[in-house]
Amino acid sequence: MITPLSAGLVVAGLLLAFVGAAVSVYAVTLTGVLVGAGAGYVAAPNLAGLIAVDGLVLTGGGVALGAAVGGFLAYAGLSFAVVGIGGLVGGFAGRFAVGPMYAADAAGAEGTLLLVGATLAGVAVGALFGFVLSRTTLVVSTAFIGAAFASRSITPATLDAATAQTSVEPLLFDVTAPAFLAVFALGALSQLGLFKFGYVTKLVGLLPGARRWTASNDADGAKSS
């Protein structure tokens, strides 16, 4: 059953996937809000014994606080946020897309080390791309994160499971799933087209505050005023 929360995550995911990098300041802030809200949602139950507040109120407060902090930090440090987002997506790809190819025939400690190495390498590569190629990183990252929500690879149910288990495992998904790959590919291609055909300039002109920072040119790197 599609709930308002589920529909909202899908809409936010589609916006990120298809126009994220074109309106960088909004995309980065929205990503910060989503990540912060998710972190607050997962962390809230762990505070139930420490704070004498109703569980529903505590969860709502955790989500609101996480969203506010995540959004503020992303908006205040846009250049650093792009590096962080690139590292996050790179680490995920390294662990679940690249790592298994090398660790498939390894067992025990060797396999674990290979997965850890692939994850760390992904984080490093993603962060480096975020620093050097801000626009490309933001296109790929927003398409990736947006596709995860829009394709329902991450849903309120998986967030609930992560809360119950106090683990991020339920939030991990198959990066080869057709729905995810379709939204990811179409979103990335759409965003590249927005830059190629000059629509980014029009979007930035229409949206208040978008001129503050936009990843319009990889040669210039990430910019903030």
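1. The model is predicted; local features need pLDDT of at least 70 and side-chain atom pairs 80 or more, while totals for chains, interfaces and linings use all residues. Residues are numbered from 1 along each chain as its sequence is written, and side-chain values use heavy atoms, without hydrogens and water.

2. Mean pLDDT (the predictor's confidence in each residue, from 0 to 100) is 77 for the chain, and 76% of residues reach 70 or more. Residues 220-225 fall below 50; beyond near neighbours in sequence, this stretch has 10 contacts (heavy atoms within 4.5 Å) in the model. Where pLDDT is low, the predicted coordinates should not be read in detail.

3. Helix α4 (residues 78-103) packs on helix α5 (residues 108-132) at about 145°, with axes 6 Å apart. Helices are DSSP runs of H or I, at least four residues; strands are runs of E, at least two. Axes are fitted to C-alpha atoms over the stretch in contact, and angles run from 0 to 180 degrees between N-to-C directions.

4. The contact includes G86, G90 and G94 of α4 and G122, G126 and G130 of α5. Its residues divide into 11 nonpolar, 11 polar and 1 charged, with Gly counted as polar, Ala, Val, Leu, Ile, Met, Phe, Trp, Tyr, Cys and Pro as nonpolar, and Asp, Glu, Lys and Arg as charged.

5. The unreviewed UniProt entry lists transmembrane regions, among them 113-133 and 175-195; such annotations may be inferred rather than shown by experiment. Residues 113-133 are 95% helix, with end C-alpha atoms 29 Å apart. For 175-195 the values are 86% and 26 Å.
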